[in-house]
Amino acid sequence: MKPKFFVVLVAITATLGWRAYAQTYDTNGDYVQTFAGSGFSGHVDGVGQQTMFNNPSTIVADSESNLFVLDDNSYLIRKITPSGVVSTFAGGTTFPGGTIPTTGYGTNASIFAGGSSSIAIDHSNTLWIATYDGYLVRVGRDTSVSWIFLNGTSWPWGACVDSGNNVYVSDYYGNKIWRYNTDGVLSVFAGSGNPGYADGNGIFTAFHYPTALAADAADNIYVWDSENRLIRRIDQSQNVTTLAGQYLNNSSADGAGTNASFGSISGMCVDDSGNLILACGTSIRKISATTNVVTMAGSFSQNGYANGASNLARFNGASGVCVSGGTFYVADSSNQRIRNITFNPTSQIVSGANLGIGTFAGVTITGTVGRTYQIQSSPDLNTWNSVATALLTSSPYLWIDQNPVSGNKFYRAVMLP
């Protein structure tokens with residue numbers, strides 16, 4: 001295993017006085033890129049960065065590495081394939097308050113009821129959406145849309161699914177965590193309904209405005225208890241404990257467990273190693289199984305848009321995060337983009353099987369749509385010079401050299417990190 005190196009940066013800002021924000025970057029090759037979205041707001045399907053989103057808020061991945069994005073202001077679920085092809089999966093119609101939601105298939109159905117908050121996916125690749133108006137929306141693999149009224153909830157917000165496909169919903173104003181089981185029974189999993197902070201068991205506990213949820217492989221449920229500024233954990237015996245954060249401390253600082261602090265968390269997921277990954281607006285953070293909190297990418301104090309190494313990357317409204325195939329994907333809502341975080345990025349030479357040479361001066365690349373490739377040439381196969389960069393808008397992709405020369409000229413392509 002490669003050793004990990006950490007860099008500690010401290011920034012001083014003025015908010016009701018001077019406060020220090022300690023940020024510890026996990027610099028084991030974390031690298032941020034743009035996977036889809038042009039940065040322009042709208043609804044345009046297509047490939048990679050030649051697409052548009054309208055406030056993409058939460059994101060999940062299915063068992064085939066397809067991504068599903070809740071595109072809030074378009075009232076849509078968008079689908080992104082592993083090769084970066086963006087399409088519209090379901091939604092598009094809305095209904096006024098007081099009328100019956102629209103069921104059906106694909107874009108002939110509604111998935112929003114006066115606003116929507118989060119999307120989850122179960123182990124049969126069924127999507128579940130918690131909506132502010134007290135509904136749970138089920139979207140099947142066949143794009144079928146059905147609505148379930150969560151009687152007794154006041155404002156469903158976060159959603160997650162355990163290994164048995166039971167769905168958990170956080171009730172923001174109700175200060176409870178609900179479970180909707182596979183038999184269609186809705187029950188309170190934790191929380192008394194009284195706003196406050198108390199660990200314990202089941203209904204003999206207290207939350208204050210719970211929002212984002214996540215489930216791990218052991219079916220522990222993680223809750224962002226937003227008003228208390230704490231991450232809470234609920235096991236399957238309904239025991240509620242505090243995992244990380246400082247009570248009522250809205251600053252941001254990395255550290256171990258309750259020595260860390262969180263200003264905000266919009267979305268959470270759990271990776272294959274049991275780490276809890278957090279989308280925190282301008283940064284992506286990680287809590288290890290030993291409760292050590294570090295920053296994967298972004299900044300506590302600066303928003304914006306920048307790709308690059310973890311401490312140089314910038315987000316603006318990172319509101320959702322998921323993991324697929326060892327890569328993390330972030331719904332960067334205000335940047336209107338889907339970003340990805342990879343590890344140990346290096347330039348990759350395109351193999352001979354994916355590089356075609358014809359009777360023209362140039363190459364045909366069979367590669368990843370939406371990624372950038374550098375075209376290099378050499379007169380002798382020893383010295384290589386960059387002659388062009390190409391963003392693959394299709395695969396295979398044909399690039400023709402506009403400056404051919406007499407004599408030998410060899411070509412190769414390198415996929416950039």
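**Ground rules.** I am working with a predicted model, where local features need pLDDT of at least 70, side-chain atom pairs count only at pLDDT 80 or more, and totals for chains, interfaces and linings use all residues. Residues are numbered from 1 along each chain as its sequence is written, and side-chain values use heavy atoms, with hydrogens and water left out.

**Entry 1: strand β12.** I began with β12, residues 135-139. Strands here are DSSP runs (E, at least two residues), numbered from the N terminus. I found four of the five residues of β12 buried, where buried means under 20% relative accessible area with a 1.4 Å probe, protein chains only.

**Entry 2: its neighbours.** Which way do β11 and β12 run? They are antiparallel, and five bridges join them; two strands count as paired if DSSP finds at least two bridges between them. I saw Leu 127 of β11 (residues 127-131) standing opposite Val 139 in β12. Three residues lie between the strands of this hairpin, and Gly 134 takes a positive phi near 95° there.

On to β13, residues 144-149: this strand pairs with β12 over five bridges, again in the antiparallel sense. Arg 138 has Ser 146 as its bridge partner in β13. The hairpin of β12 and β13 has four residues between the strands, and Thr 143 takes a positive phi near 70°.

Five bridges join β20 to β21, and Tyr 222 has Arg 233 as its bridge partner in β21.

**Entry 3: the cores.** A nonpolar core is a set of buried Ala, Val, Leu, Ile, Met, Phe, Trp, Tyr and Cys residues joined through side-chain atoms within 4.5 Å. Which residues touch the most other members of the largest one? Of its 18 residues, they are Ile 77, Ile 111, Leu 127, Ile 129, Val 139 and Val 145. The largest share, three residues, comes from β12.

I then looked up Ile 77, whose contacts (heavy atoms within 4.5 Å) include Phe 68, Ile 111, Leu 127 and Val 139, not counting residues up to four places away in sequence. Apart from this core lies another, of 17 residues, among them Ala 214, Trp 224, Ala 260 and Ile 265.

Key
Buried < 20%, exposed > 50% of the residue type's maximum accessible area, 1.4 Å probe, protein only.
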